[in-house]
Amino acid sequence: MHELRDRVAVVTGAGRGIGASIAAALADEGVHVVVADIDRQAAEATAATISQKAGPDGVRCVGAGCDVGDLGAVDALADLSWGEFGHVDIVVNNAGIFPPAGPAVDIQEHDARWVIEINLFGVWHGCSVFGKRFVEQGTPAHIVNTGSEHSLGVPHTGAALYTASKHAILGFSDVLRRELPDFVGVSVLCPGMVATDLPNSGLRRPQRFGGPFERGRPAPQPGLAPDEIGRRTVEGIKRGDFYILTHPPVVELAEERWTEVATAFAEQAPRFDGDEALDTRAFIRSYQAGPPRP
Ligand SMILES: NC(=O)c1ccc[n+]([C@@H]2O[C@H](COP(=O)([O-])OP(=O)(O)OC[C@H]3O[C@@H](n4cnc5c(N)ncnc54)[C@H](O)[C@@H]3O)[C@@H](O)[C@H]2O)c1
């Protein structure tokens with residue numbers, strides 16, 4: 001999607017942090033934006049800041065409350081967005097939370113559900129609701145799903161289900177890009193650490209997962225400035241990149257995963273004469289590609 005001017009984007013979790021920076025970077029390119037967040041006030045404040053910067057003749061930006069863990073709420077967000085602008089061309093499924101840290105075996109069930117329902121189901125909700133409408137609309141569109149360095153095989157000890165949720169986003173997005181028609185692009189945004197309020201996700205934990213709590217960690221956490229992530233995301237959308245990458249040193253951590261896998265293959269299941277009987281590559285390739293795309 002080379003030209004972004006006058007497109008319409010919906011960005012979730014955009015009341016602050018990475019989402020707010022993506023919304024602002026899109027607006028700088030002439031994109032009208034729906035800023036969505038479970039924290040409606042924050043969404044409206046971000047939308048007001050962007051609108052003010054754009055001026056009366058610039059892009060339109062509206063704030064909306066939306067809990068991405070609720071499929072009906074995401075559907076209502078899509079209704080609001082199409083109602084407001086007549087079309088939507090980009091969705092950034094960015095909303096995500098970081099649950100209390102601790103050993104995997106000690107994770108409380110409500111926190112397990114919180115992290116999976118927001119970080120993974122929230123992304124699926126956005127892809128399903130907006131993806132179907134993009135196909136129906138029949139014009140160039142783009143979906144960005146916010147993963148992280150953990151999508152690329154970097155484990156975060158003390159955050160097993162956060163790591164799993166981000167890993168899952170890569171797998172999900174990789175399938176999605178093969179299933180959607182060519183005119184709907186898919187990206188997975190994989191930042192390393194970014195200076196945001198993520199450690200204080202608990203302040204906005206919904207009642208159904210135990211309600212808000214104070215984590216007491218200083219915020220923002222150390223890391224890259226969120227603005228840089230917004231800029232890189234816009235570049236990735238324009239180029240149609242599947243992987244949107246931001247922190248160069250992460251490649252070394254990601255390589256460790258593949259080196260470990262390759263070493264295990266070499267030790268336990270190296271290629272040998274006659275191993276064609278075990279060769280399922282043609283079959284795997286066929287379901288990797290899937291049926292002809294619509
Ligand atoms: N900060 C980092 O180091 C980092 C690194 C890699 C990936 N990420 C990912 O980036 C995304 C944004 O995180 P951030 O760092 O900007 O954190 P943040 O806490 O500053 O912003 C997240 C926003 O999402 C909103 N949100 C929380 N639950 C929601 C829900 N159920 N529905 C809608 N909105 C909800 C919050 O109100 C908040 O405004 C997340 O998916 C996070 O996992 C963050």
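Reply: Asp6 is found in the segment before strand E1 (8-12); helices (H or I, at least four residues) and strands (E, at least two) are DSSP runs, numbered from the N terminus. The model is predicted, and local features need pLDDT of at least 70, side-chain atom pairs count only at pLDDT 80 or more, and totals for chains, interfaces and linings use all residues. Residues are numbered from 1 along each chain as its sequence is written.

Phi of Asp6 is near 70°, a positive value in a residue other than glycine. Most residues other than glycine have a negative phi. Asp6 counts as partly exposed because it has 13 C-beta neighbours inside 10 Å. The classes work as follows: a residue is buried if 20 or more other C-beta atoms lie within 10 Å of its own, exposed if 12 or fewer, and partly exposed in between, with C-beta atoms placed from the backbone.

After this segment come the strands. Two strands pair if DSSP finds at least two bridges between them. E1 and E4 run parallel and are joined by three bridges, and Val11 has Val92 in E4 as its bridge partner. Strand E4 (residues 90-93) is covered on both faces, with Ile90 and Val92 buried on one side and Val91 and Asn93 buried on the other. In a regular strand the side chains alternate between the two faces of the sheet.

E4 also pairs with E5 in the parallel sense, over four bridges; here Val91 has Ile143 in E5 as its bridge partner. Strand E5 (residues 141-146) is in turn joined to E6 by six bridges, again parallel, and Val144 stands opposite Ser187 in E6. Strand E6 (residues 184-190) has seven of its seven residues buried, so it is largely enclosed by the rest of the structure. On one side of E6 the buried residues are Val184, Val186, Val188 and Cys190, and on the other they are Gly185, Ser187 and Leu189.

Val11 returns in the largest nonpolar core, which has 71 residues; those with the most contacts inside it are Val11, Ala23, Leu26, Val33, Val35 and Ala36. The largest share of this core, ten residues, comes from helix H4 (residues 109-137). A nonpolar core is a set of buried Ala, Val, Leu, Ile, Met, Phe, Trp, Tyr and Cys residues joined through C-beta atoms within 7 Å.

For single residues, contact means that two C-beta atoms, placed from the backbone, lie within 7 Å. Leaving aside neighbours within four places in sequence, Leu26 is in contact with Leu4, Ala9, Val31, Val33 and Val234. Ala24 has its place in helix H1 and counts as buried because it has 24 C-beta neighbours inside 10 Å. With neighbours within four places again left aside, Ala24 is in contact with Ile50 and Gly230. The C-alpha atoms of Ala24 and Ala47, 23 residues apart along the chain, are separated by 8.8 Å.

Helix H1 (residues 17-28) also supplies the largest share of the shell around the ligand, three residues. In total, 31 residues surround the ligand, the closest being Gly13, Gly17, Gly96, Ser148 and Thr196; a residue is near a molecule or strand if its C-beta atom, placed from the backbone, lies within 6 Å of it.
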